[in-house]
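Please read the points below with the model open. They concern how the chains meet and how the copies are related.

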Amino acid sequence: MGNCSQGCKDYFSRQKNTNIRLTLPVVCFVWQIAMIILFGVFIRYDEESDTHWVETKAHDNITSDIENDFYFRYPSFQDVHVMIFVGFGFLMTFLKRYSFGAVGFNFLIASFGLQWALLMQGWFHSLDPQTGKIFIGVESLINADFCVAGCLIAYGAVLGKVSPVQLLVMTLFGVTLFAVEEYIILNLLHARDAGGSMVIHTFGGYYGLAISRVLYRPNLHQSKRMQGSVYHSDTFAMIGTLFLWMFWPSFNSAITDHGDGQHRAVINTYLCLASTVLTTVAISSLSQKTGKLDMVHIQNSTLAGGVALGTAAEFMISPYGALIVGFFCGIISTMGYIFISPFLEKTLKIQDTCGIHNLHAMPGVIGGIVGAITAAAASESVYGKQGLINTFDFTGDFKDRTVLTQGGYQAAGMCVSIVFGVVGGAIVGSILKLPIWGDPADENCFDDEVYWELPDEEEEHQESIPPILEYNNHMIHKQQDLSESNFSVEHCES
Amino acid sequence: MGNCSQGCKDYFSRQKNTNIRLTLPVVCFVWQIAMIILFGVFIRYDEESDTHWVETKAHDNITSDIENDFYFRYPSFQDVHVMIFVGFGFLMTFLKRYSFGAVGFNFLIASFGLQWALLMQGWFHSLDPQTGKIFIGVESLINADFCVAGCLIAYGAVLGKVSPVQLLVMTLFGVTLFAVEEYIILNLLHARDAGGSMVIHTFGGYYGLAISRVLYRPNLHQSKRMQGSVYHSDTFAMIGTLFLWMFWPSFNSAITDHGDGQHRAVINTYLCLASTVLTTVAISSLSQKTGKLDMVHIQNSTLAGGVALGTAAEFMISPYGALIVGFFCGIISTMGYIFISPFLEKTLKIQDTCGIHNLHAMPGVIGGIVGAITAAAASESVYGKQGLINTFDFTGDFKDRTVLTQGGYQAAGMCVSIVFGVVGGAIVGSILKLPIWGDPADENCFDDEVYWELPDEEEEHQESIPPILEYNNHMIHKQQDLSESNFSVEHCES
Amino acid sequence: MGNCSQGCKDYFSRQKNTNIRLTLPVVCFVWQIAMIILFGVFIRYDEESDTHWVETKAHDNITSDIENDFYFRYPSFQDVHVMIFVGFGFLMTFLKRYSFGAVGFNFLIASFGLQWALLMQGWFHSLDPQTGKIFIGVESLINADFCVAGCLIAYGAVLGKVSPVQLLVMTLFGVTLFAVEEYIILNLLHARDAGGSMVIHTFGGYYGLAISRVLYRPNLHQSKRMQGSVYHSDTFAMIGTLFLWMFWPSFNSAITDHGDGQHRAVINTYLCLASTVLTTVAISSLSQKTGKLDMVHIQNSTLAGGVALGTAAEFMISPYGALIVGFFCGIISTMGYIFISPFLEKTLKIQDTCGIHNLHAMPGVIGGIVGAITAAAASESVYGKQGLINTFDFTGDFKDRTVLTQGGYQAAGMCVSIVFGVVGGAIVGSILKLPIWGDPADENCFDDEVYWELPDEEEEHQESIPPILEYNNHMIHKQQDLSESNFSVEHCES
């Protein structure tokens, strides 16, 4: 890219064309039709969601319908679903004029991504060798939502600077990369990562940051007037924050083992997040001269604890262990917003709109490390013989693995997710740099005006402020008359 | 109505009186007291919510409390509950000054409607012939919420144009009609309609449209200034959209068969809705010169897939089948907003505030047709022998019914719901036309001012814009002084 | 306090210092570290969330993981969690400029409170005498959330008038008092109070009112301009209202008996709340000259039914009984806002920002009375022999208790909660009166400006109103030029 000739440069910096009337519908239609065809070829109901389940039940001596995995996982699934669409969507509405893009594009790419994720994850994890089919159930839906989460995290880094077509491309490649790194980490390395500290957050974070680096806009200050929040947009963002925060225990427990596995993951995440809130508030208050709190910290850093417990939530990290993780994550994440984000932007030229480095990438890495350490430190005295086997799934090919080895593989998984994020993001970023995707000009970033039909606000303000403004207008006109009359009077008089 | 004499005309077009201080409290009190009396006579706990359940358990050899239907249905119930109150309520907040009415009246009529629904549905579906009592449990609550949904859909057509008293009357008759058509469709015709494509959406849609037709306001343009949205009201509406969208899998699976029935309905609805989002975005973008998206489409048409899978969600429609339904619903519903709504208003004189024709009526009819076709095409090879019997409930009087016959009855059910909607709506509309209900004048439609004490906004703006405005005012006054002084100076000098 | 000398008076009325840069971080850090240490010493996973559960299962002949208490309680827990953070948080956003404080401080104190509650409730209710440990599971998390609810109710009374440090202190003592009164009421008196009419709402209500009384501000009118709502802040508050209203059935059923106990509590609460909405609307409409509705009533009084059924929700109060309770609560609570709140402020000098007296204290007392009466009236013919024992837990030391005695103890419990609230609140209020907590001056109450970095609204308005305002500015400047030119012209001419 550095040796790009003048002609090439001109090509890249020509007047931006944000008309997506051709590309967006074409991408949506073609990709959706492709999904239908691929689903037709590959995807089927699994045995618990098929009408033949009545036979399966009889065969397996299952006495009650409540044994269907649906009843173990559906409440968690719905919570995760809310996190994906309302949580991520509203968290990004904090910008004064990008709420439509935040919620709307989040909606679009998640809806595409979950379909593609069912296919990609199916091919890698659950393709039946005999029938060549992928059998899906409620756990597949949760995994698809998880996969999408990685891409939505990446969206946070480029919020307001890309077109919806670019976001769809990002999601297509993001989901693909996700499925591969997930396969390597969970299946080949046999690392545990139920809540996705590594697989989801670290990968998603670095994927987004790398893309943002490649798409660096030196003149982004031209849209500085749009980069802040307003009072109500910050309140909207708190809806996202709270739904993420409240349902994070479901996120980290959604696909853990039935019974004590889900139970423990919930308790750990609940405690960890509570601890994070206090230290976030403390650091936020410390960072201002008069101890005032900053909404950016409250909206984001309070969530870092959930990210950092993604790997270890199902382990016997013990309640106070969860509190300790939350304690440090609140501090580190808030410090990230204060010190690291400006540094990243100035020095590394990474413009990170939502600060995903502080909310996902860094806490994700912490989570990976915490997971590796707690796995390596696991012992039969704490877990029980069978408990240890269940928790780390030391069965089949891995039945002889020691906890120390497991710790090593956890750490290796961490590295895989970083590499996939950075390298994948760099490549995808280069693709997104092509001047065909309809991205906005530097001075139009963070503005819904570019991709959305906006309501006629002027009319609103005429509605809601008439008394004062009309008074002003009235005064002005009266005065103008007065001045004019003065003028004429003078002329007359002189 | 056409032969109405001049005196009658005058009576109808006299100055509107929107004072509801007498009618609203009277209706609320009298109806609520009636509910208490009727509940006292008829409604009792069913055996799973009664303290005698401990005996029932022993008698039926139920070993665990988890077998209580509560644990199968409660998570779905809560999701449906959120859809009714937050989903429908916030979806309608898009108007710039009707958010209080949207959320508040939705709250009121749903709260009344669910009580009346428990009685009406109880009398028709579950009146115990021996005791003369209606026994209710969690499934009854879900059904009551469903019944209310039909009336809230109808509210969407008349949003902003009617008084809360009219809405309560609409709900009283709506629930009554609902219970009857539901009895005919589900019990007499033995059609399947777990998510209510026909029973809820088609009926509710046409009921509302017919009422809106009868209440046609030729001079509605007089309140045109209030008909648009503003930036934040559109963001509020997205809260409604997303909660409806996310929880629609629970809606369509809430009362399906335990086990695989609920499981499959969730998967189908989840996929169908994802597909709808992509085609909605595609058509919305295509409809604008520069490919910009329209919030009206994103808020509404993205939901059409859930409506259209209401009947077939529990069938073995297969994952790609669900995607196909969603694909076409997104297209048709968005096209409806672009082409059909203006046509309905101009030609058929149906003023449909929220476009329920595109979101509920049309997709509901599609859902009925999809249900009829997929039922007729069901086969033992796909469903399994017992699976087919379970899914279509071919037991008792209906044990010899073939799938083809079932398809026919499904189609017949479709027609019943349309007839009940149109005819019922026309009759109820005529009742609502009586000039006693306190409806707003044409120039006051879509304005919360009529029925709500509004906060003093002027003060707010003095709060939030003082720097600029005060500056302006200041400048004006200074100038005025200047001008005046000029004037005097002139006089002096001349 | 009355005999306070002049010097003391001066000390108390000196210029307010709202700088909390030292106190807030110190309190957050020290308390969080204390939590970690205490958790390390005392808190462990219970047997259902421990990896040893696999052994427990084998030992107790539990055949399925679904028997884990997690699956009975987790959906209810998540609903309660939403009520605590989104429900209470957004309910208080109604003030025009205190949304950050409402949601943000609610978030902070709930996060601290739930940790402290796990310890306090653990010490009083479930400290294992042999190991000296507290074993926690999902029910402990629900109880911790309940305990926090009491403090959040109290926050409603002092909303906008205290600093976050004061709120943390209030929560520390509030949780402590809560655990003690809960121990007395539930364990010593053996009263039933699953939804906490007495334990949570009555205590929390009077605790907050007593604190507010002690912190009485005679010159609060100086911040009158900030005390109202604006259109969108009222809409935000409805998010809180609806999530509280919808999930209240989960609140009242979250810790009731498995099976019919949870099932019945849901039905009762659902019906009771529906009834409350209608009478709230009726009284609200009656209270205004033209029958307009008041948002304050709709936001708050509609919830009174849930509070009042907190004790009796699990009893066989029968569906119509639930409706009757809701009927009267809507009336009484709305009347409270109209008549009692102004009286409390003028005569008793209790400034109750959110009207918690009408929403929690009064309905809580009603709930206690309803509980006592329905307990005393319980009979074996209605409950069944075993049902009666199960419902009132007439086992162990209490196996000979009669329902009449139970009714008496319920009433005694009621009194205990009031005494703890009033006396505890008075003492804590006195502590909060110390001039070291950074509370705002009378003229800065209800203003986020004091404790939050606010977005630069001026810029927003320049963004959103430019056409008109710039026009104004333009006109003014043009005119000024004109005037000046006039002036000079005159001079020239004269």
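1. Conventions. This is a predicted model, in which local features need pLDDT of at least 70 and side-chain atom pairs count only at pLDDT 80 or more, while totals for chains, interfaces and linings use all residues. Residues are numbered from 1 along each chain as its sequence is written, chains are lettered from A and ligands numbered from 1 in the order in which they are written, and side-chain values use heavy atoms, with hydrogens and water left out.

2. Extent of the contact between chains A and C. Chain A and chain C each bring 94 residues to the contact, where contact means heavy atoms within 4.5 Å. The two chains bury about 8,100 Å² between them, and 70% of this lies on carbon and sulfur atoms. Buried area is the accessible area (1.4 Å probe) that two parts lose on being put together, summed over both. Of the area that chain A buries against chain C, 11% comes from A:Y231, A:Y270 and A:L278, more than from any other three residues.

3. A:K292 and C:E449 form a salt bridge through their side chains, at 3.2 Å from N to O.

4. Composition of the chain A side. Helix α10 (residues 260–286) of chain A contributes 19 residues to the side that touches chain C, the most of any element. Helices (H or I, at least four residues) and strands (E, at least two) are DSSP runs, numbered from the N terminus. The chain A side comprises 45 nonpolar, 36 polar and 13 charged residues. Here Ala, Val, Leu, Ile, Met, Phe, Trp, Tyr, Cys and Pro count as nonpolar, Asp, Glu, Lys and Arg as charged, and the others, Gly among them, as polar.

5. Strand pairing between chains. Strand β3 (residues 293–294) of chain A runs parallel to strand β3 (residues 452–453) of chain C, with 2 bridges; strands pair if DSSP finds at least two bridges between them. In this pairing A:D294 is opposite C:E453.

6. The contact between chains C and B. Chain C and chain B bury about 8,100 Å² between them, 71% of it on carbon and sulfur atoms. C:Y231, C:Y270 and C:L278 supply 11% of what chain C buries against chain B, more than any other three residues. The side chains of C:K292 and B:E449 form a salt bridge at 3.3 Å, N to O.

7. Which surfaces meet? Only 19% of the interface residues of chain A are also interface residues in chain C, so the copies meet through different surfaces.

Note on methods: A salt bridge is a side-chain nitrogen of Lys or Arg within 4 Å of a carboxyl oxygen of Asp or Glu.
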